[in-house]
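Here is a walk through one protein model, written for someone meeting it for the first time. Keep the structure open beside the text as you read.

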Amino acid sequence: MRTDTGQIVHLADYRPTDFILERVDLTFELDPTATRLEARLIFHRRDGADPKAPLVLDGDELTLAELRLDQNELPAAQFDVTPDSLVIRDLPEAAPFEVTVITIINPEANGQLMGLYRTNGVYCTQCEAEGFRRITYFPDRPDVLAPYTVTIIADKATNPVLLSNGNFLGGGNYDEGRHFAAWFDPFPKPSYLFALVAGDLGIVEDTFTTMSGREVALKIYVEHGKEPRAAYAMDALKRSMRWDEERFGREYDLDIFMIVAVSDFNMGAMENKGLNVFNDKYVLADPETATDQDYANIEAIIAHEYFHNWTGNRITCRDWFQLCLKEGLTVYRDHEFSADQRSRAVKRIAEVRHLKSEQFPEDAGPLAHPVRPTTYREINNFYTTTVYEKGSEVTRMIATILGRDRFKQGMDLYFERHDGDAATVEDFVACFAEVSGRDLTQFSRWYHQAGTPMVTASAEYDAASRSFVLTLEQNVPPTPGQSVKEPMHIPLSFALILDNGSIGEPSSITGGEVTDDVLHLTERHQTFTFSGIGARPVLSLNRGFSAPINLDFRQTPADLAHIARHDSDLFARWQALTDLALPNLLQAARDARDGKEITCDPAFLAALLEVAGDGNLEPAFRAQALALPSEADIARELGGNNDPDAIHAGRQAILAHLAREGAATFEALFASMRTEGAFTPDAASAGRRALRNSALSYLSYLDGGVARAADAFASADNMTDMTQALTVLAHRFPGEAATANALGAFLKRFDDNPLVLDKWFSIQATIPGVATLARVRALMEDPHFVATNPNRVRALIGTFAFANPTGFNRKDGEGYRFLARQILAIDPRNPQLAARILTSMRSWRSLEPTRAEHARTALGEISAAASLSTDVRDIVERMIQ
Ligand code: PHE
Ligand code: ZN
């Protein structure tokens with residue numbers, strides 16, 4: 001492990017390199033424990049650079065074997081080398097020169113999964129963000145771009161497949177049972193997009209004809225025997241390629257596009273040029289083993305990585321502070337893709353749920369940072385939901401403010417102007433300012449100011465003047481390092497809904513800029529007056545979640561029910577139902593804490609059950625409505641002094657009320673939403689399954705719940721229904737024999753399938769209550785638990801910490817103590833994984849004092865450890881600061 005070096009990197013310190021890298025030529029001789037790499041790098045000094053400046057190359061745990069300058073061995077006096085850097089002096093002032101660096105790498109010993117490593121016998125690389133420096137000494141930063149030639153030499157029998165970026169140049173037999181393959185990537189790229197894969201893999205092939213008529217070979221590599229499970233990924237890839245042509249005019253550029261699925265991977269997937277490497281969880285699917293959510297994730301992530309070919313690869317980032325330039329934008333693009341492939345409203349609801357449950361807590365806690373940060377200590381810790389999801393929301397707001405056509409023009413300009421560049425957020429925003437003539441300076445605060453803005457709204461109707469007055473106030477809360485905030489430019493989509501459910505058209509709106517159905521809130525306090533309104537309307541505000549804000553708008557239950565019934569924006573209807581539910585859930589949590597009886601507003605129950613039974617609404621939407629705000633959502637709304645047990649008890653009581661009140665509806669849905677015929681993963685069928693399983697879960701609160709769930713489990717013919725039934729059994733009836741039987745049967749049937757085993761672990765890790773910690777401990781001793789596999793560690797330990805509020809936040813602090821031990825155990829091998837799981841404690845300060853004190857102690861225990869990675873040190877110190 002590289003222990004903490006503690007250096008803080010500042011955006012303000014950015015300087016271009018002194019040397020320009022012209023070409024990279026790599027020759028790998030693969031060996032499990034002693035891979036030899038000869039890297040030939042051609043540089044010249046940049047015009048105007050200091051003629052005496054040395055060449056400084058990055059390394060990380062490297063061993064230098066040989067070093068040559070223009071093919072001559074370099075005298076020791078001319079360079080300094082450590083595992084972390086190589087500095088070469090007295091280089092030519094103007095002429096190009098060639099540096100040859102030979103390193104010996106041990107892929108087998110690489111548990112960080114950064115650089116060159118082995119997974120199930122396959123050689124694989126991961127270079128983003130700073131993994132290439134674990135392969136060779138290199139100017140490992142995203143603004144150094146060059147074309148790469150890569151030759152791979154390896155034992156032929158064990159590594160029939162030899163892959164790298166770009167187009168295939170050729171290959172053949174080599175010496176001693178070895179063979180070789182050569183690849184050339186003509187598109188200049190930074191080192192973080194380099195990839196190499198070698199091993200014995202199965203292949204699924206297809207082709208795609210681009211909009212200009214070029215045929216591209218498509219290849220997905222998976223473990224032998226798993227080929228049939230790559231069919232959906234291939235289909236999603238072709239749909240993504242077509243969509244990017246149609247929607248953004250982006251055509252694929254190489255002769256071949258490859259995806260490799262590996263089972264040990266720290267993240268979801270990686271967009272290496274022409275050779276995406278995927279966590280196999282986001283490639284492999286069939287009806288027997290994948291849930292509807294798995295299919296949706298695969299579609300989204302295949303699209304995301306493919307879209308990076310333009311937003312990330314053809315145009316990359318100048319430095320890592322600009323990460324949102326590629327990530328926020330690419331998430332926005334994959335969201336739009338999924339919205340076009342599925343139900344747009346349901347997709348938006350799922351996005352907002354995710355944003356609120358992941359990004360809002362990050363923005364409200366000690367790890368809050370701007371979408372475009374200005375300092376970091378460990379870049380790996382900035383692949384955050386703020387950079388990704390809030391970054392996407394910021395892009396979406398640009399589209400909302402400019403309108404669809406102008407936004408498209410801005411994107412066109414961006415692609416045209418910056419193709420081949422390592423660009424900045426300012427470059428990106430300038431394109432939209434230019435095509436629209438708008439000043440986006442204030443808007444850019446979304447990139448620079450952390451924290452979720454709070455918008456407080458109040459409205460009044462004046463019958464005499466036929467006017468409706470909306471008063472808005474905005475506040476951005478203080479966040480670490482940013483105590484004072486400036487007002488933001490907040491685009492608020494709105495509708496005035498009249499008594500009969502139609503949308504009112506005011507004769508004029510004054511008080512600020514209004515474009516189409518968007519109010520532009522730009523001042524701290526701002527009052528909009530809508531004139532020519534004949535009767536009191538109901539205002540639907542922030543429709544479609546046009547801005548990622550907290551909205552404090554005290555609307556009456558009657559008004560919310562009116563929106564829930566009539567808004568033409570389905571998202572707004574869901575939002576109104578959520579707003580109706582929340583006060584009930586908050587009160588229930590308080591009553592549970594105080595030992596009072598828990599009640600529920602009948603009007604809320606009626607509104608929700610009306611939606612549940614409304615055959616005109618798509619089932620997926622109804623399922624979203626029935627999935628009440630989560631315990632984490634309730635905790636966030638309560639805002640502090642939280643008792644997870646009370647929140648859980650209160651929410652359970654409300655669910656039980658709803659179940660009793662809606663018994664007939666749920667019975668009917670459970671019967672009628674069965675999907676007939678062969679399984680298809682399309683959104684409509686998935687929606688029916690979601691609604692039926694939601695009904696099953698409510699029915700579990702009524703008599704006969706165990707038997708019904710056990711039946712549903714036994715008769716399930718697809719993974720969605722099976723895991724949903726198993727979840728109901730485990731979470732609602734953990735002690736029942738039926739549950740133990742079902743868990744045992746599931747394990748027996750799928751014990752050779754790691755991705756399904758992950759589900760088995762996760763379902764048990766999320767059983768509510770104090771007893772689950774002992775179960776998690778026992779599961780760690782199960783022979784199926786593999787401590788070196790990130791998916792498995794996340795499925796058990798990560799899921800327990802992130803998604804089991806009552807089990808993890810035990811009042812005696814045992815959950816936190818357990819996590820601290822696990823973090824210290826994982827860190828030496830895989831710091832990225834350890835740091836990521838540790839962020840599950842990011843909201844510890846909003847716990848009630850007893851738990852908060854235990855959490856602080858556990859964090860203190862981590863920070864006091866003798867040796868910590870930079871990754872974990874950075875997270876733990878920011879959390880306790
Ligand atoms: N760039 C990858 C993506 O979003 C994420 C990633 C980051 C993967 C770092 C590996 C390492 O698509
Ligand atoms: Zn990405």
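## The Ig-like stretch

Residues 451-553 carry the UniProt annotation "domain: Peptidase M1 alanyl aminopeptidase Ig-like fold", from an unreviewed entry. UniProt positions are given in the numbering used here, feature names are shortened, and annotations may be inferred rather than shown by experiment. This is a predicted model, in which local features need pLDDT of at least 70 and side-chain atom pairs count only at pLDDT 80 or more, while totals for chains, interfaces and linings use all residues. Residues are numbered from 1 along each chain as its sequence is written, and chains are lettered from A and ligands numbered from 1 in the order in which they are written.

The span 451-553 is 49% strand and 0% helix, with its end C-alpha atoms 19 Å apart. Helices (H or I, at least four residues) and strands (E, at least two) are DSSP runs, numbered from the N terminus. Strand S25 (residues 454-462) runs antiparallel to strand S26 (residues 467-475), and 9 bridges join them; two strands pair if DSSP finds at least two bridges between them. Asp-462 stands opposite Ser-467 in S26.

## The C-terminal stretch

UniProt places "domain: Peptidase M1 alanyl aminopeptidase C-terminal" (unreviewed entry) at residues 558-880. Here the chain is 72% helix and 0% strand, and the end C-alpha atoms are 44 Å apart.

## A mixed sheet with a helix on it

What is the strand order in the open sheet of 5 strands with mixed pairing? It goes S17-S18-S19-S21-S20, and the edge strands, each pairing on one side only, are S17 (202-209) and S20 (269-270). S18 (residues 215-222) and S19 (residues 256-262) pair in the parallel sense over 5 bridges, and Tyr-221 has Val-260 in S19 as its bridge partner.

Helix H1 (residues 231-248) packs on this sheet, touching S17, S18 and S19, and its direction makes about 25° with that of S17. For contact, the C-beta atoms of two residues, placed from the backbone, must lie within 7 Å. Axes are lines fitted to C-alpha atoms, for helices over the stretch in contact, and angles run from 0 to 180 degrees between N-to-C directions.

## Around ligand 1

Which residues surround ligand 1? Gln-126, Glu-128, Ala-129, Met-267, Ala-269, Met-270, Glu-271, His-304, Glu-305, Glu-327 and Tyr-383 do, where being near means a C-beta atom, placed from the backbone, within 6 Å. S20 and helix H2 (292-307) are the elements that give two or more residues to this shell.

The shell's Glu-128 and Ala-129 are joined by a cis peptide bond, with omega about 0°. Ala-129 sits in the loop between strand S11 (122-126) and strand S12 (146-155).

Asp-70 is not a glycine, yet its phi is positive, about 45°. Most residues other than glycine have a negative phi, and most peptide bonds are trans. Look for Asp-70 in the loop between strand S5 (64-69) and strand S6 (72-73).
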